[in-house]
Each structure stands twice: as structure tokens, then as C-alpha cells.
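Student: I have a new model open. Can you walk me through how to read its features?

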Amino acid sequence: MTSSVHLPSIDMGNHVVQTPVLLSPMAGVTNWPFRVLCREYGPDGLYVAEMITARALVARNPKAERLCRFDPSESYRSLQLYGVNPSIVQQAARIVVDENLADHIDLNFGCPVPKVTRRGGGSALPWKNDLFRELLQRVVAVAEPAGIPVTAKIRIGIDDDHTTFRDSAHIAQEEGCKFVTLHGRTTAQYYGGHAHWETIAELVSQLDIPVIGNGDIWTAQDAVNMVQETGCAGVAIGRGCQGRPWLFGDIAAAFAGSDERINPTLGTVGQIIVRHAQLLTEFYDGDEMMAVHDLRKHVAWYLKGFPVGGGTRAAFMKCESVADVQAQVDLFDPDVEFPQAIADKPRGRVRYAKKVHLPYNWLDSREMTAQERADMFDDDPMDASY
């Protein structure tokens, strides 16, 4: 019997999260079709939309506006913003509030991708305590009067010699964040190696607000282990649910002490793939070609470990319509069982960063210089084109 863990609900102010299990925002992954699939299996948690670039939202970029859409079934809407210029992020938050785009704003300070960190954004930004604080202050000042809670996603730091999570977490608490999510890796780790869960436990012991743990949750038992080992108030699921939206159902069962797990056959997975294609078609306003092209990365994750062969995978990469996807699924042997041997194996990116890309002399000081502010903000470096 799986040992159960008790996770108290989290009060967001405008909503109570009954079971603190989060779908982590992932660029190119957690649009509303995928969120819908995860929610249908999972508990009453938080299913966060993929990262919205603040500058793009302010510029009314069509892709940014599409990513702000929620399915009608999403009664509580969580949206994540990214930016480096506090003024621009504040403007984006104002749009979210004034146009009722979301019920919860999460701020991204965890992205390790070079095109983000080289501008001082994502997991690079918390190195500058004053910039981090100002950005939080501005967003909370807009969101709090409207009753919209703000939260923050962070990493351990730049690398082992330049950690930021302690300062960042305390600043987030001081500035009114309802909780912080800590991914137990540095920027230098990227998505490689093992997450350092002990850093999550350290924050739990230091903060008064809830700490959500993130990193290396591939199975329901991993989620239970993280809670037991760190005392975290909840868990955030990232790459572990890629191609496995039913993981949220497994976690709900595990938290209740049940050994029941969802082990779909290849036939069932095929049905999920087709449904995912149909939902993506709706997301792309009826454009089936865009939908099935978006589906390709998901198909690779869905089929990982199943004995379908390279020819089948290649055929999916050539699909141009939902009918094409259905035709390939119809060729599956529906009775093939889910490959348990790979259930706890990583999916998606697993490599270390070859190099951490940062603005010039970024690590010289924990505070912003006047020149750094001019370099970062005067030219408005955030990408409005997406």
C-alpha cells in the first residue's frame, strides 16, 4: 500500500486549491488543449498556462493573445508572465487585470533557456535583488487590489557558486506572493542531473508562505517521496507529464494512499492522441495543419517505450490533418500494454547547459547599475514578435 500524505489546501485569496498539485507552465506544451487533458485526470489543483512574454502581450502579438485563451471548463485561470523590464511586466499585468484574462498570475524566474537568460530574464533575473523586488512590487500593486494572487517560480540560482533561492524566496514572501515554486536545479544544470530536493526542504523551514516543490517527479511515488522528504506544501509537475497527462490521476490516487494507477494500453493512448489533435485544431481556430504539426512533439512523448517502430513515428511526422492522425492510430495494436519499464525515465530535455548566457558583467554585483538598466531597458530588449 502506498503511504498517503496529507497536503492541506492552499488559500489563494480568491480561490482555495484543494489539492496542491500544479501543472508547471512549459513553453510550447501547456496550452489549453494539454491543460484540459491533464485536468480531466487530475485533482483540483492548478494547471498553469505556458509562459506569456510581457512585451508581446503589451504589443498585442497574436500568438501571445492566443496563449492567453482558456477553455470554458477552466473555472480558475492561471497565467504565467515573463519579462525583465518591471514597467513592461506591470503593463502586461494591467492588461490581465483590466481585461479579465486570468484569476492568478505566476511570474517566471526559472527559465534557463539562453535567449531568456542572456537578457537577464528567467533564472538569471533573481541575481539582481533590486530588480527582482521591483518587478514583484509592480505586479502585486496592480494585481492585489483586483483580488488576483501573484506567485513566483524560481531556481536555486545561476550555478553552485551563485545561488539566489534564499534571497528570492524571502523577497517574494515580503512582497506578497501567495506561494513560491522552487525547481531544485541551477541555471547551469539546465534540465540535466538530479534536482536538489534538500533546497526545497530548506525553504520550507524558512518561509511562512507555502513552498511548492518542482524537479524529477516522473511517477506518483516521486510526488509522495518529495512531500515526505521536503515537507513541501505541494508539487509541480513539468516534464514528467509530457506524453503522460494521466500522471495527475496517479498522483491524486497516491496522495489518497491508493496503489491504483492508470496504465493505458496503446489503444487508449491512441484515443488520447486523436483527442489531443482535435483540441489543438480548436485552439488553432480550425487550422488542422498547425494542430497536427504542434502535436508531433507530443506524439513522440506519448509513444515513448511502446514497440511501434521508427516507421510509425515517421508516419506521424508526415501527418497534415486529424484524419491522417486517426489513420495512423487505427494501425495500432490496441492491446499493447503501457511500458512500465520507462515510466520513471526522463522525457524532454535532459542535458546540462553548455554555457550559462548572461548579460555582460552580470555577476559583478547583486544590484543593478545605472548602465545595466540603460542597456536592458532603453532599447526594450524583450521580444514582441515571439
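The dialogue below takes up the core, the cavities, some helices and a few loop residues.

Tutor: Keep one caveat in mind: this is a predicted model. Let's begin with the core.

Student: Which residues of the largest nonpolar core touch the most other members?

Tutor: The general idea is that in soluble globular proteins, nonpolar side chains tend to be buried together. Here the largest nonpolar core has 121 residues, and L107, V235, F255 and I273 touch the most other members. Helix α11 gives this core its largest share, 9 residues. A separate core of 9 residues lies apart from it, including M12, L46, Y76 and A236.

Student: What does V235 touch, leaving out residues up to four places away in sequence?

Tutor: Its partners are P20, V21, L22, I212, G213, I217, A223, M226, V227 and F255.

Student: Which residues line the largest cavity?

Tutor: The lining consists of L22, L23, S24, P25, V48, H104, D106, T151, K153, F179, T181 and A236. Strands β3 (21-23), β7 (104-109) and β8 (150-155) each supply at least two of the lining residues. Sorted by class, the lining has 6 nonpolar, 4 polar and 2 charged residues.

Student: Now helices. Which residues of α14 are buried?

Tutor: Helix α14 spans residues 322-329, and V322, V325, Q328 and V329 are buried in it. These residues lie on the same side of α14, because they cover an arc of only 120° around the axis. Their cover includes α11 (266-283), α12 (288-302) and α13 (309-317).

Student: How many of the 10 residues of α1 are buried?

Tutor: Helix α1, residues 32-41, is mostly covered, with 7 of 10 buried. The buried ones are W32, P33, F34, R35, V36, L37 and C38. Among the elements covering them are β3, β4 (46-47), α10 (247-255), α11 and α12.

Student: What do the buried residues of α9 pack against?

Tutor: In α9, residues 220-230, the buried set is A220, D222, A223, V224, M226, V227 and T230. They pack against α8, β12 (211-214), β13 (234-237) and α10. After α9 comes G231, with a positive phi near 75°.

Student: That brings up backbone angles. How should I read a positive phi?

Tutor: Most residues other than glycine have a negative phi, and most peptide bonds are trans. In this structure, N100 is not a glycine, yet its phi is positive, about 50°. Y190, also a residue other than glycine, has a positive phi near 55°.

Student: Where is N100, and where is Y190?

Tutor: N100 sits in the loop between α4 (86-98) and β7. Y190 belongs to the loop between β11 (180-183) and α8 (197-206).

Student: Is Y190 buried or exposed?

Tutor: Y190 has 6% relative accessibility, so it counts as buried. N100 has 49%, so it counts as partly exposed. The cut-off for exposed is over 50%.

Student: How far apart in space are E65 and I52, C-alpha to C-alpha?

Tutor: The distance is 8.7 Å, for residues 13 apart in sequence. E65 lies in helix α3, residues 62-67. Its relative accessible area is 34%, so E65 is partly exposed.

Note on methods: Residues are numbered from 1 along each chain as its sequence is written. This is a predicted model: local features need pLDDT of at least 70, side-chain atom pairs count only at pLDDT 80 or more; totals for chains, interfaces and linings use all residues. Side-chain values use heavy atoms; hydrogens and water are left out. Buried means under 20% relative accessible area, exposed over 50%, partly exposed in between (1.4 Å probe, protein chains only). Helices (H or I, at least four residues) and strands (E, at least two) are DSSP runs, numbered from the N terminus. The arc is that of the directions from the helix axis to the C-beta atoms. Contact means heavy atoms within 4.5 Å. A nonpolar core is a set of buried Ala, Val, Leu, Ile, Met, Phe, Trp, Tyr and Cys residues joined through side-chain atoms within 4.5 Å. On a 1 Å grid over the protein atoms alone, a cavity is a set of points where a 1.4 Å probe fits but cannot get out, and a pocket is an open set with protein on both sides within 12 Å along at least five of seven lines; lining residues have an atom within 4 Å of a point. Ala, Val, Leu, Ile, Met, Phe, Trp, Tyr, Cys and Pro count as nonpolar, Asp, Glu, Lys and Arg as charged, and the others, Gly among them, as polar.
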